[in-house]
Amino acid sequence: MDLQSKPKTSAKDFFLNLGAIVAFYTTVVSLINLLFTVINTAHPQITNDYYYGSQSISFSVATLIIFFPIYILFLWVLEKDYVISPERKQIAVRRWLTYITLFVAGLTLAGDLVTVLYYFIDGQELTMGFLLKVLTIFVVTLAIFLYYISDLRNTLNPLSRKVWVGISVFIILSSIIWGFAVLGSPRTQQLMKYDVQKVNDLQNLGTQIQNYYLTKGVLPISLNDLAQNDPYFRLSTDQQTGQPYEYQATSTSTPYNKTYKLCATFNRTSDSKNDTSGTHLMMPYYGNPVWNHQGGYFCFTESVSTSQYPGGKLPM
């Protein structure tokens, strides 16, 4: 008799509950990524590693704007079904997904507390950025745990659900506003991406110039000469303005070091806390230079070391 009274999971139940939980997890991960990006920008960690590029929140914000309403829509549809058939709250797929969510939230809370305690006992510095990240994980996972515990115990009513939705909307909107306040508007994000692309283009040009010199023994007169050395080379232009990049061969202080400049107009000063004099810092593990720059017209001074090749040419 009991077996016959248990509600069976239909295809509709399965996909509605699965869709709701996927939308929920996606929303939570995007929210945490958004907050971590803002925290990293507002409170950068000082390490020996160097990074060039823009901290973008575009994907996290776009995901939140789409997936959070989808999650609310799934909940609304499910709640309508539960009002008509309250026994459907006990279907297996719903209870399994709820218990999995509680398990993950509880495990994350415990791990969060262990991390703080470890840093304290180990004598490591508890920076503001680190504490804000820990607080973010703690608040988000605690809210998840409390909500799903209440849902599992059937203590949620229409009013309390609206309160939870209101709190969630407030947190998400506040996070998005904070993100734009720290990192800039969508237009600022676009300008940052333009600058990153310009640096990438100049780095590629620098590689082609190095190869040209090692092949020809001289620096190219203009960037158009690079096509003579590599038939597959296509001269890149500034995507923002459509104008070609500037190249200048410059005088040198030693006969074994040929220098040149690569110039572009940047929208803003690079985010790196390192100097922006145009000289490059080397990344400690990869040996790649970090191209820091100021806003406006700016030239990078590059050099071709020829000390290992007498006369400046490759051995034949």
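Trainee: In which helix is Val134 found?

Mentor: Val134 is found in helix α5, residues 128-152. Helices (H or I, at least four residues) and strands (E, at least two) are DSSP runs, numbered from the N terminus. The model is a predicted one, in which local features need pLDDT of at least 70, side-chain atom pairs count only at pLDDT 80 or more, and totals for chains, interfaces and linings use all residues. Residues are numbered from 1 along each chain as its sequence is written, and side-chain values use heavy atoms, with hydrogens and water left out.

Trainee: Why does Val134 count as buried?

Mentor: Buried means under 20% relative accessible area, exposed over 50%, and partly exposed in between (1.4 Å probe, protein chains only). Val134 has 14% relative accessibility and therefore counts as buried.

Trainee: Which residues is Val134 in contact with, leaving aside its neighbours within four places in sequence?

Mentor: They are Asp112 and Val116, where contact means heavy atoms within 4.5 Å.

Trainee: What makes the link of Cys263 and Cys299 a disulfide?

Mentor: A disulfide is a pair of cysteine sulfur atoms within 2.5 Å. The S to S distance from Cys263 to Cys299 is 1.9 Å, so the pair is a disulfide. Cys263 lies in strand β2 (residues 257-266) and Cys299 in strand β5 (residues 296-305), 36 residues apart.

Trainee: Why does Cys263 count as buried?

Mentor: Cys263 counts as buried because its relative accessibility is 1%.
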